[in-house]
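The sequence and the structure are shown first.

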Amino acid sequence: MLSASPKKQKREDSDVNSCMVHLSNPYLDGLKDDILYHFDLGTRSHDLPAMFGDVKFVCVGGSPWRMKGFTQYIAGELGIGDPNADYPNICAGTDRYCMYKVGSVLSVSHGMGIPSIAIMLHELIKLLYHAKCSDVTIIRIGTSGGIGLQPGTVVVTKQSVDPKFKAQFEQIILGESVFRHTDLDEELAEELLHCSKELNEFETVIGKTMCTLDFYEGQARLDGAFCSYTPDQKFNYLRKAYDAGVRNIEMESSVFASMCKMGGIKAAVVCVTLLNRLEGDQITSSHDVLTEYQLRPQKLVGYFIKKQLKKSSQ
């Protein structure tokens, strides 16, 4: 392992106090053109400050459809665009991710799982840096499996933990393990919880989120193609997770939290639970019910953004 801490773990932290986005890579200065390949953008081919310099809020989610829908929703909520308009995909030159912008809100898809969101975040953080953005807040909105919660409950993550319930993200660099912190902005989480109380439309809690490497075995499901454990072992594991403060499970929060922290960016994770994993593995709710559930993080984050913009204009 890299490092020399008592646990032989190297932890990398960003204690950046500046409101500007922070990069920690001396080799970027030598690039004549920083190509954001998976966005089909670049510092030479595009005027990034003109395109994105006013961005204050970035909302990211796995599904391209969901992020386009969020763009339409927030345009209507802020009164700055038609909620039924077909907003152009800024990343139309690539099929990896989609990106939409309305006012000071950027909406980006990140795909499924840690590798996909990590690639997106590298390029997103560089984009915000090159665009000279400041005071940016990034919020991941998505779905998850709940633990001990009623389906439809929204969880605001206070800390992402790994499948061993440790608050860390392990990044393999040059064949060695580097461990990074996964705490999220506590003040932002509390503000989102407060916003939910003001909305008073659905249950919202603050809790730990377990981030796994896959949807089936990594989340102790019994319905995958392979299963080497018993129902009792599954239940005992999920009960331990609950006792450790875990309230939901997804597959992106750990790297999201660690990378935003390294970039000095205020961040939050807001996910709705589609089922209670203590009661089953398969998602059986109707399409209409699931669609309404998936709108809940959008409503909460939209309310938060609208409130913040109103506050800053006063």
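Strand 5 (residues 99-102) and strand 6 (residues 105-109) run antiparallel and are joined by four bridges; two strands count as paired if DSSP finds at least two bridges between them. Helices (H or I, at least four residues) and strands (E, at least two) are DSSP runs, numbered from the N terminus. Lys101 stands opposite Leu106 of strand 6. Two residues lie between the strands of this hairpin, in which Gly103 takes a positive phi near 60 degrees.

## Model and confidence

The model is predicted: local features need pLDDT of at least 70 and side-chain atom pairs count only at pLDDT 80 or more, while totals for chains, interfaces and linings use all residues. Residues are numbered from 1 along each chain as its sequence is written, and side-chain values use heavy atoms, with hydrogens and water left out.

The average pLDDT (the predictor's confidence in each residue, from 0 to 100) is 94 for the protein, and 94% of the residues score at least 70. Over residues 1-17 pLDDT stays under 50, and the model has 37 contacts beyond four places in sequence for this segment; contact means heavy atoms within 4.5 Å.

## Hairpin of strands 9 and 10

Strand 9 (residues 168-173) pairs with strand 10 (residues 176-181) through six bridges, and the two run antiparallel. Ile172 stands opposite Ser177 of strand 10. The two strands form a hairpin with two residues between them, and Leu174 in the turn has a positive phi of about 55 degrees.

## Helix 3 against helix 6

Helix 3 (residues 114-130) packs on helix 6 (residues 253-262) at an angle of about 20 degrees, with the axes 9 Å apart. Axes are lines fitted to C-alpha atoms, for helices over the stretch in contact, and angles run from 0 to 180 degrees between N-to-C directions.

Ile114, Ile117, Ala118, Leu121, His122 and Ile125 in helix 3 meet Ser254, Val255, Phe256 and Met259 in helix 6.

## Helix 4 against helix 7

The axes of helix 4 (residues 186-199) and helix 7 (residues 287-313) come within 9 Å and cross at roughly 105 degrees. Helix 4 is therefore roughly perpendicular to helix 7. Residues making the contact include Glu191 and Glu198 of helix 4, and Lys299 and Lys307 of helix 7.

Definitions and conventions: Angles under 35 degrees count as roughly parallel, over 145 as roughly antiparallel, 65 to 115 as roughly perpendicular and the rest as oblique.
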